Amino acid sequence: MRAARLIKMVLLLQSRPAMTAAELAAELEVSERTVTRDAQALSEAGVPVYAERGRAGGYRLVGGYRTRLTGLARDEAEALFLSGLPSALREMGLEDAASAARLKVSAALLPSLRDASSSAARRFHLDAPSWYHEPETPELLPVIADAVWDDRLVRTRYRRGGGREGGGDRDRTEVARELAPYGLVLKAGVWYLCARAGDFRVYRIDRFTSVEPADERFERDESFDLPAFWEERAADFARSLLRTEVTVRVSESGARRLPYAGDRGAAAEALAQAPPAGPDGWRTVVLPVESLDVAYSQLLSLGPELEVMAPDELRSRFAVAAERLRELYR
């Protein structure tokens with residue numbers, strides 16, 4: 001533990017002109033007294049660390065000193081490629097590995113380039129969770145993430161919820177499965193596992209009730225493309241939700257706004273297949289929707305730029321809504 005801390009201290013000093021005891025203590029998560037002892041230990045071991053007093057003082061390395069302890073460990077190298085996802089790294093238990101990797105890379109750079117990482121971080125940030133939802137880290141995510149990195153089989157118990165991840169059943173029963181965990185996906189603040197159990201399937205991490213890593217590893221199919229697989233499954237899932245159709249007329253403004261009122265892909269495809277607009281500029285569109293209730297809540301947002309033609313049940317609901325609005329604004 002102390003050896004790793006001493007190495008980190010050297011790398012920190014190598015990547016910056018100087019650091020105060022307080023700054024080092026914060027980075028190393030120790031007391032300032034421990035920083036003083038560590039600096040003395042490094043000096044006794046031949047590392048040229050010295051302290052300067054005064055307002056501009058702090059700990060420094062003798063100019064030009066370079067350590068060769070910058071090689072990345074495997075977990076650090078892997079975590080480095082996820083360094084733009086701080087919340088994801090934290091939830092998977094890889095925050096320390098990523099921090100060490102970034103520090104080693106920074107220490108290996110020329111002095112003129114050492115501010116590159118902080119410069120990028122000040123300009124770009126990816127916030128993965130969706131709005132209005134407090135992100136929750138699934139308790140078993142770190143265990144599953146370790147198995148994904150290690151290509152290790154896992155024995156799981158999974159609570160099915162609607163069947164789309166688990167194979168078609170619509171109950172909430174718990175099933176036991178041995179899975180080959182291929183990859184993790186974070187979508188709008190929700191974690192998913194893409195795994196093989198005969199064929200490839202998608203599982204919500206928060207529905208696992210137990211995960212036990214097996215002794216055996218699996219042979220990874222190198223042709224498996226995680227982004228392509230997820231894109232295909234996500235598109236299939238979105239299409240599976242659209243179980244009914246409604247016929248609407250939309251104005252030119254309504255046509256522009258329609259993709260933002262519901263499923264963008266379905267709306268764009270429906271507009272592309274619709275006949276040209278009439279003399280009044282309105283177009284008739286047959287739109288796939290999840291249900292009449294969902295269609296009502298989504299399409300009502302277009303107000304007078306959309307008219308429901310069919311089915312009659314939905315048209316009647318819009319007529320009632322329009323009458324209520326007329327009464328409110330008389």
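Colleague: In the hairpin of β4 and β5, which residue takes a positive phi near 50 degrees?
Modeller: This is a predicted model, where local features need pLDDT of at least 70, side-chain atom pairs count only at pLDDT 80 or more, and totals for chains, interfaces and linings use all residues. Residues are numbered from 1 along each chain as its sequence is written, and side-chain values use heavy atoms, leaving out hydrogens and water. Strands are DSSP runs of E, at least two residues long, numbered from the N terminus. Two residues lie between β4 and β5, and the one with that positive phi is Ala-188.

Colleague: How many bridges join β4 to β5?
Modeller: Strands pair if DSSP finds at least two bridges between them. Lys-187 has Val-190 of β5 as its bridge partner. β4 (residues 174–187) and β5 (residues 190–197) run antiparallel, and the bridges joining them number seven.

Colleague: And which residue in the turn between β5 and β6 has a positive phi?
Modeller: Happy to follow the chain on: β5 and β6 (residues 199–204) pair in the antiparallel sense over six bridges. Tyr-192 stands opposite Arg-204 in β6. One residue sits between these strands, and the turn residue with a positive phi of about 90 degrees is Gly-198.

Colleague: Over to Tyr-59: is this residue buried or exposed?
Modeller: Tyr-59 lies in strand β2 (residues 58–61). Buried means under 20% relative accessible area and exposed over 50%, with partly exposed in between (1.4 Å probe, protein chains only). Since the relative accessible area of Tyr-59 is 11%, this residue is buried.

Note on methods:
Helices (H or I, at least four residues) and strands (E, at least two) are DSSP runs, numbered from the N terminus.
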